[in-house]
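Here are my notes on the model you sent over. Have a look at the structure first, then read on.

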Amino acid sequence: MTKQKKLVLDIAANSNAHLNAEEIFLLAKKEMPAIALGTVYRNLNILVEEGLLRRISIAGQPDRFDHVGDEHEHLICRQCGKLRDIRVDGILDKIKSATGEDVLSVSLSAYYICADCRRCLRHTDMTAN
Ligand SMILES: [Zn+2]
Ligand SMILES: [Zn+2]
């Protein structure tokens, strides 16, 4: 593994912040000032293909990257994109029995409107009336 690839993996895999490529690039630059954004993108893609990182795609937002260490799903605010880890017991078994297939893994994104955004939306409604 190249030094650049190892650095990108370390940053993305050791963070619980679900960083996007640009955020990973800024952190990588601190360690390796000469690293290019394109290198970070390329290595992120390779690491996802190799199963060492997990990509979280959210419509209208840059992809985020996550560690693959423990099984978890994501709860995402539709309004601001805030993202939280959630654990749902037995989800793999439920999908296995629903499909009758030996499903290997599950990557689930659940959407909601977070408390902050709900407050904002209410506020906007009030000023509009
Ligand atoms: Zn929100
Ligand atoms: Zn996560």
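1. Strand β3 (residues 73-77) and strand β4 (residues 83-86) run antiparallel, joined by 4 bridges. Glutamate 73 has isoleucine 86 of β4 opposite. Strands are DSSP runs of E with at least two residues, helices are runs of H or I with at least four, both numbered from the N terminus; strands pair if DSSP finds at least two bridges between them.

2. This is a predicted model, where local features need pLDDT of at least 70 and side-chain atom pairs count only at pLDDT 80 or more, while totals for chains, interfaces and linings use all residues. Residues are numbered from 1 along each chain as its sequence is written, and chains are lettered from A and ligands numbered from 1 in the order in which they are written.

3. Between β3 and β4, 5 residues complete a hairpin, and glycine 81 in the turn has a positive phi of about 80 degrees. β3 also runs parallel to strand β5 (residues 109-112), again with 4 bridges; leucine 75 is partnered there by alanine 110.

4. Which residues of helix α2 (residues 21-31) are buried? They are Ala21, Ile24, Phe25 and Ala28 (buried: 20 or more other C-beta atoms within 10 Å of a residue's own; exposed: 12 or fewer; partly exposed in between; C-beta atoms placed from the backbone). They lie on the same side of α2 because they cover an arc of only 105 degrees around the axis, taken from the directions from the helix axis to the C-beta atoms. Glu22 and Lys30 are exposed on the face turned away from that buried side.
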